[in-house]
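Please walk through this fold with the viewer open.

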Amino acid sequence: MSDPIIDDGGVASAHRARIGQTVRSRLDRNPLVSRIEAQDFEIYGRHDFLSAQECADLRSQIDAQAQPSTLFAGSANPDYRTSHSCHLNHHDPLVLGVSDRIAALTGIDPATGETLQGQRYTAGQEYKVHCDYFPVTADYWPRMRATGGQRCWTAMIYLSPVEAGGETHFPHCEFMVPPREGMILIWNNLDNNGAPNPQSVHAARPVEQGSKYVVTKWYRERAWTP
């Protein structure tokens, strides 16, 4: 008999659905958080989650550490993701504090959170349409299942305004979110049944002028082990 904790259906999906309900209820009660209208997709935003100084300090950390971004699936297409990125030091007081504040806002168990990742996009750089959840048919799914399981929620914070371009585009929902310094976006990568939700696929539109900085934190269904 398979372990229901790591099985991709049944009890495991019910567990993911309960995570979704917990986060949804917490965000819906918060007067500082706004739910963005989208069909069959849960996404929330809050302005001024980080201060201008906190954003500037995180941008400096990204500039000091960023390397050319890679694709999780190992695609050979060099044009699919052209940004620079890095895993920020989780012992750094600011990074630790931001992670703690995201967990407090969402009510998600901090142990399920991956390392905060910083990303920088300059003119012409982008990340084409992709999903944050793990397709269970992918060859890397068994490894992900064993190190925390499915990615449930994504939290992304804009660290800079962008002079032109750089929107986060959700093509199935037909809307884009423009970068605004200090704003956090939070979305559910799964549906109400705990299954991967194709409506959550998104893209970082090309920066046309200026630079775009973000930090992203992904949350798994169980405690994450790197």
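**From one residue pair to the fold**

Met-156 sits opposite Leu-185 of strand β11. This is a predicted model. Step back to the strands themselves. β7 covers residues 151-158 and β11 covers residues 184-188; the two run antiparallel and are joined by five bridges.

Now take in the whole sheet. It is open, has eight strands and pairs in the antiparallel sense. Read across it, the order is β1-β2-β11-β7-β14-β5-β4-β3. Which strands are at the edges? They are β1 (34-35) and β3 (67-68), and each pairs on one side only.

Next come the helices. α2 lies across β3, β4 (84-87), β5 (117-121), β7 and β14 (212-220). Its direction is about 90° to β14. α3 lies across β2 (43-46), β7, β11 and β14. The angle of α3 to β14 is about 60°.

How do these helices meet? The axes of α2 (residues 52-65) and α3 (residues 93-106) come within 11 Å. They cross at roughly 120°. The crossing of α2 and α3 is left-handed. Which residues make the contact? From α2 come Glu-54, Asp-57, Leu-58 and Gln-61. From α3 come Leu-94, Val-95, Val-98 and Arg-101. By class, the residues of this contact are four nonpolar, one polar and three charged.

There is also a sheet of four strands. This one is open too, with antiparallel pairing and the order β6-β12-β9-β10. β6 (127-130) and β10 (175-177) stand at its edges. Each has a single partner strand, so one side of each is left without a neighbour in the sheet. From one strand to the next, the twist averages 15°. Look at one pairing inside this sheet. β9 (residues 168-170) and β12 (residues 202-204) are antiparallel and pair over two bridges. Thr-168 has Ala-204 of β12 as its bridge partner.

Last, the confidence. The mean pLDDT of the protein chain is 93. Of its residues, 92% reach 70 or more.

Definitions and conventions:
Residues are numbered from 1 along each chain as its sequence is written. This is a predicted model: local features need pLDDT of at least 70, side-chain atom pairs count only at pLDDT 80 or more; totals for chains, interfaces and linings use all residues. Side-chain values use heavy atoms; hydrogens and water are left out. Axes are lines fitted to C-alpha atoms, for helices over the stretch in contact, and angles run from 0 to 180 degrees between N-to-C directions. A crossing is left-handed if the near helix is turned anticlockwise from the far one by less than a right angle, and right-handed if clockwise. Contact means heavy atoms within 4.5 Å. Ala, Val, Leu, Ile, Met, Phe, Trp, Tyr, Cys and Pro count as nonpolar, Asp, Glu, Lys and Arg as charged, and the others, Gly among them, as polar. pLDDT is the predictor's confidence in each residue, from 0 to 100. Two strands pair if DSSP finds at least two bridges between them.
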